[in-house]
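Hello,

Here is the structure I promised to pass on to you. Have a look at it first, and then read on for what turned up in it.

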Amino acid sequence: MKYLCEHTDTFGGEASYSWVQREELTLSDNASDLSLVRAAKSALGLSGIRCQRSEVGESIELRPYGECSIVFITPIY
């Protein structure tokens with residue numbers, strides 16, 4: 001399964017996209033959400049940074065603590 005990971009800045013709590021870092025991940029179909037989040041954080045250089053996690057439909061949203069940024073992890077069909 002393929003996933004698109006986007007890391008961008010926020011303005012007023014909403015994604016601003018004045019800069020964006022995109023990475024594409026390929027994981028096995030039975031990969032857990034935890035392994036998906038860990039792989040995405042590693043690919044985006046956010047390993048070791050705590051995040052608030054929420055699910056929005058099929059996507060996972062991460063908000064790193066102490067940063068004005070947001071990460072979207074979305075499946076690619």
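**What was found**

Tyr 17 counts as partly exposed, because its relative accessibility of 37% falls between the limits of 20% and 50%. Please keep in mind that this is a predicted model. Tyr 17 belongs to strand S2, which covers residues 14-26. Its backbone is worth a look too: phi is near 60°, a positive value in a residue other than glycine.

In what order do the strands of the open sheet run? The order is S2-S1-S5-S4-S3, 5 strands with antiparallel pairing. S2 and strand S3 (51-56) are the edge strands, each of them pairing on one side only. On average, and with direction ignored, neighbouring strands of this sheet are turned by 20° against each other.

Strand S1 (residues 2-11) has S2 on one side and S5 on the other in that order. With S2 it pairs in the antiparallel sense over 9 bridges, and with S5 S1 pairs, again antiparallel, over 8 bridges. You can follow both pairings from Leu 4: its bridge partner in S2 is Glu 24, while in S5 Leu 4 stands opposite Thr 74. Cys 5 stands opposite Ile 73 in S5. S1 and S2 also form a hairpin, with 2 residues between them. In that turn you will find Gly 12, which has a positive phi of about 65°.

Is S1 largely enclosed or largely open? Of its 10 residues, 7 are buried, so S1 is largely enclosed by the rest of the structure.

Helix H1 (residues 33-43) lies across S1, S2, S3, strand S4 (59-64) and S5. The helix runs at about 110° to S2.

The last stop is Ser 69, in strand S5 (residues 69-76). Ser 69 has a relative accessible area of 5%, which is under 20%, so this residue is buried. Which side chains does the side chain of Ser 69 meet in polar contacts? One is that of His 7, at 3.2 Å, and another is that of Glu 67, at 3.1 Å. Leaving aside neighbours within four places in sequence, Ser 69 is in contact with His 7, Thr 8, Asp 9, Thr 10, Arg 63 and Pro 64.

Enjoy exploring, and write back with any questions.

Best wishes

Key:
Residues are numbered from 1 along each chain as its sequence is written. This is a predicted model: local features need pLDDT of at least 70, side-chain atom pairs count only at pLDDT 80 or more; totals for chains, interfaces and linings use all residues. Side-chain values use heavy atoms; hydrogens and water are left out. Helices (H or I, at least four residues) and strands (E, at least two) are DSSP runs, numbered from the N terminus. Buried means under 20% relative accessible area, exposed over 50%, partly exposed in between (1.4 Å probe, protein chains only). A polar contact is a pair of N or O atoms within 3.5 Å; within protein, one must be able to donate a hydrogen and the other to accept it, and residues adjacent in sequence count only if both atoms are side-chain atoms. Contact means heavy atoms within 4.5 Å. Two strands pair if DSSP finds at least two bridges between them. Axes are lines fitted to C-alpha atoms, for helices over the stretch in contact, and angles run from 0 to 180 degrees between N-to-C directions.
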